[in-house]
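Subject: The model, and some notes on it

Hello,

Here is the structure I promised to pass on. Have a look first, and then read on for my notes.

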Amino acid sequence: MIYAVGYNDEISAGPFDLNTNAGKQALFIGLSFVTIIVCLLIDSNFWQTFGLLVFGITILLLIGVLIFGVTVKGANSWYRIAGFTIQPSEFAKFGTAVAISGFLSRYNTSMDDIRSVLIAMGMFLLPMFLILLQPDAGSALVFTGFLIVLFRAGLNPMLYIIGISAIVLLILGFIINPLFIVLGLLIIINLIFLTSVQKKLQWGLLLLGATVFAVFLAFVDNVLPALGIQALLVFVSGFTAFQNRKSQLVAQLAGFLVFGALIAFSANYFFNDVMKPHQQDRLNVWLQPSKCDPKGALYNVIQSKISIGSGGLRGKGFLQGTLTKLNYVPEQDTDFIFCTIGEEQGFIGVFGIILLYLILLLRIVSIAERQREVFSRNFAYCVASVLFVHIFINIGMTMGLMPIIGIPLPFISSGGSSILGFSLMIGVLLKLDSVRMNRARR
Amino acid sequence: MAIQDFHKNRHYVIRVIFIASFAILLFKAIQIQLVDSTYQDRARTTAIEKVIDYPSRGMIYDRKGRLLVNNNAIYDLNCTYNLVDPKMDTTHFCKLLNIDKATFNKLINKNFRSARYSRSVPFTFLSKISDRTFARFQESMYEFPGFSIQIKNVRGYPYRNSPHVLGYLSEVNKKQIESNPTVYKTGDFIGSTGLERTYEKDLRGSKGVRYLLKDNLGRAVGSYKNGSKDTVAVSGKDIVSTLDVELQQLAEDLLANKSGSIIAIEPATGEILSYVSSPTYDPNLLTINRNRGAAYAQLLGDTLKKPFLNRGVQAKYPPGSIFKTVVSLIALQDGVMKANTGMSCKGAYYYNGSSWGCHQHATPYNLEIALEHSCNTYYFTTLRNIVDQFGFYEPHRGLTAFNKRVADFGLGKPLGADISNEGSGNIPTPEYYDQLYPKDEGSWKSPTIMSIGIGQGEIEMTTLQMANLAAIMANRGHYYTPHLVKAFVDGSVIPDKFRIKRSVNIDREHFEPIVEGMSRAVKFGTGNTAYLKDIEICGKTGTSQNRGKDHSVFFAFAPRENPSIAIAVYVENGGWGSTFGAPMASLMIEQYIKGELDEKRLTLKERLSREDLLEVKEP
């Protein structure tokens, strides 16, 4: 029950700054307890059995919200019912979680099977796509967390390495001249050749020297000659490798080079020629803040960092935060609530919150690993993954590590749908865990 | 049993990813919360606004409590861009403030990208708004959110006179801010001349500071730490000056269209009763408002009248015959002559085949008569006797001894009055004459320099020094450094240097013949035009030779016993001392002692003030 305790602790951190919405929030906290209790009463097989049905309902809700929803702050993400607004994307996370867990627990599902992989990916890409249409990039991004679940279920790690490399190249492509990226790729390839093909010392020294020289040329803005030198070396090394019957390595590295260059150039083109200035601003705020107007695009991040930074070690005390109380920080009851904690409770508070979250996540992983049912294990990983993405991006965003994306901090940010969605996940997880012995015996 | 789990170990990877990610968050938190202190500094400057409350500057009264310098409010209109209603009636707004739309747009659209301006921090929209414009605007101010008023005090001068004494305020310059950064900020006013400058520290008071918490839109939402760090503005000290405003007015009238100055001192205290430098101007012209720049430029550009020249202390003139009193006293003290020493004057002083002119007068068979008739021969001789007291070939020693005594009279250096830019005059030294008359050209002896005995030649004084001489004569041997501040209203004492009795080191007995000579000069001699039936004035004329028309000089004190006023009048190009100096001094004395002018004397006053000497320019 430790997560329930942790959950309660963090709920009590909620009213820090929720004066305006405190009443509603209290109501939702009450509702979330009811939700957990209801979850504990529902039969543990219900969710696995009706997983696809729940998923289907949430998908319909997501489609419906595009048609019937109300628009708040530019996103068509809410239903309005009896004065309360409900955000279906919060429940879609749960629906997707039960559906994917159910799918992965089938006997004929295997992550070595391309068809299974595509179906599993489709199950979270579909709601993600629908949410992007609202548009709500933050909630959509959360669904990438299911990649962690697929990883645990056995998806090939090489795909992750390639994917992460591609993302890194893409991000670099936004901000760096792609010629430099190609130069970097060539140098990496050369180093691989150096370690695997050219074992002779003089060759090694020559390659190393030429590489240093090329880097030097690149630094003094002569990137083309540097590229030429590196390309020549790669060509010579590649030819040697080919003669040494290492054609497979040559082919792989050639593919690496071609795709890397392609991503770099297209990212650069996309960033500079396709994206609109305000979209560029968003990325610049994250990637190269020095290029941004401190009173414009950068304002939120700067105020957010100032407020957290000004908390120091011990903070300014409960309700004593000047920047957060005086509204310098935007959206501070939802997306930027971490600023209030940082400013009022200082590093001690920040450390405490991060530690509690980490304990919660590791605890859920432990719970996952002690399940005997594949469904239960995968569902636990779904909960952990969704929570992880929320926490990491939200806190990272307030400190300037992550781009500014509207995404609540679980159990702390105000917002009824969010807290109910998380309660649902926790409640179901508790139920599944409580009956794990019975289910195993079944 | 469920499906075979081939990937059991992957949970380690997931745990490591979780831990590593959260470690990154923690490191970032350590960096911005514990390591990098810039965030804490910036938090302080972001949300807390320092509001300066300006103290009211000390006022200045005359010696009878009449207000000479007061404070008028002037208004700066501040604007907080974020709070301005975009739909406000700009036409009405512009009409109220007498500005056009283009100006409005220029004033409100600051460069908010620069660090100087922020949309949420008030900036000065329009400065130096007069109270009339403000009164009109204030009625409609509620229609224009985002605009607020900052009141500053500027000076007003109900009597429109005495600019050289009172001085004016200017905005502080960069240097003044740098040398006193805690006191002055850009846009503050500082005393630039006169009393405003000398007593800047007393008059300015101290600013108050309030720390306001501002929300993100720049609205004040309360005080920071409940005002525990706030300070209250303390008003400047009010000054009672030594001036008598009626004397000031009279002196200005008398000097109308003339260059020169009139300075009157209360001998018993050194208080300056009147100080007028002419040509003068209305001090209200230089009060801080939107027309000030043009007025200042016009006054500065008036090269004919030079109204900014403070002639009382900055112009130095040969004192003329009034210096004969000093020569007499030194001669008596050094024993080179007696009060009853008589001489013969044949209408000129003859030496070595040359002659220096005197004028027709009775034979100076003693000092009193020599003074009464201002005999030049008598004083050429007397000065030579002083300079030659160690022998004809020792003029250096003689002149040095003489100069030492002259210095005791407060001459040759600034007196140290509380008037800015006080000049020192000039007392020629032996070294000076060595340069003027080199050894190979025959050097110099007492006859070479004897013209200083009649106050001509190289010797020069400021009018203030002449007035102080009159005070010394009145006091029979001592003076107090002339000063313009009588008291502070809050009871703090005036500077010590104005309360020290300064002796001129001449025995009191030696003054009697001088005083008698001065009295006779007014009764029967050259100063006859200063004569008053019922007040015994002791005075001495001077006619200081000049390349153009001579300057008219007169110094006097009255009454003879227990003198209450000592005065010096210097009228450039006024001719004889008796023409302008003496009658002006007598009018001033009459005004001060009786409190008003006799009706019969008003015509004299009118006649004197109508004289226009400014047309007569030096060739």
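A word on terms before anything else: a residue is called buried under 20% relative accessible area, exposed over 50%, and partly exposed in between (1.4 Å probe, protein chains only). What you have is a predicted model, in which local features need pLDDT of at least 70 and side-chain atom pairs count only at pLDDT 80 or more, while totals for chains, interfaces and linings use all residues. Residues are numbered from 1 along each chain as its sequence is written, chains are lettered from A and ligands numbered from 1 in the order in which they are written, and side-chain values use heavy atoms, with hydrogens and water left out.

Chain A

By that cut-off, 53% of the 442 residues of chain A are buried. The chain has 19 helices and three strands; helices (H or I, at least four residues) and strands (E, at least two) are DSSP runs, numbered from the N terminus. Contact stands for heavy atoms within 4.5 Å. Among the contacts in chain A with a separation of 6 or more, 71% are between residues 24 or more positions apart. Its accessible surface is about 19700 Å², and carbon and sulfur atoms hold 69% of that (Shrake-Rupley method, 1.4 Å probe; for residues, only the protein chains shown count as cover).

On that surface, A:Phe46, A:Phe50, A:Leu53, A:Ile57 and A:Leu61 make a nonpolar patch of about 420 Å². Patches take residues with over 30% relative accessible area and no salt bridge, joining like charges within 9 Å and nonpolar side chains (Val, Leu, Ile, Met, Phe, Trp, Tyr) within 5 Å; a salt bridge is a side-chain nitrogen of Lys or Arg within 4 Å of a carboxyl oxygen of Asp or Glu. A:Leu53 belongs to helix α3 (residues 45-68) and is exposed at 52% relative accessible area.

A:Ile229, in helix α11 (residues 223-243) of chain A, is partly exposed at 24%. Leaving aside neighbours within four places in sequence, A:Ile229 touches A:Ala210, A:Phe213 and A:Leu217.

Chain B

Here five strands form an open antiparallel sheet, in the order β12-β11-β22-β21-β20. Strands pair if DSSP finds at least two bridges between them. Because β12 (271-278) and β20 (538-544) each have a single partner strand, one side of each of these edge strands is left without a neighbour in the sheet. Neighbouring strands are turned by 5 degrees against each other on average, direction ignored. Axes are lines fitted to C-alpha atoms, for helices over the stretch in contact, and angles run from 0 to 180 degrees between N-to-C directions.

Seven bridges join β20(B) to the antiparallel β21 (residues 551-558), and B:Ser544 has B:His551 as its bridge partner. Across these two strands lies helix α20 (residues 511-523), at about 75 degrees to β20(B).

Most residues other than glycine have a negative phi, and most peptide bonds are trans. Which peptide bonds are cis? One runs from B:Ser278 to B:Pro279, with omega near 0 degrees, and another from B:Ala558 to B:Pro559, with omega near -15 degrees. B:Pro279 sits in the loop between β12 and α11 (292-301) of chain B, B:Pro559 in the loop between β21 and β22 (565-571).

B:Arg160 has a positive phi of about 55 degrees and is exposed at 53%. B:Asn505 has a positive phi of about 60 degrees, is partly exposed at 43%, and lies in the loop between β19 (502-503) and α20 of chain B.

Best wishes
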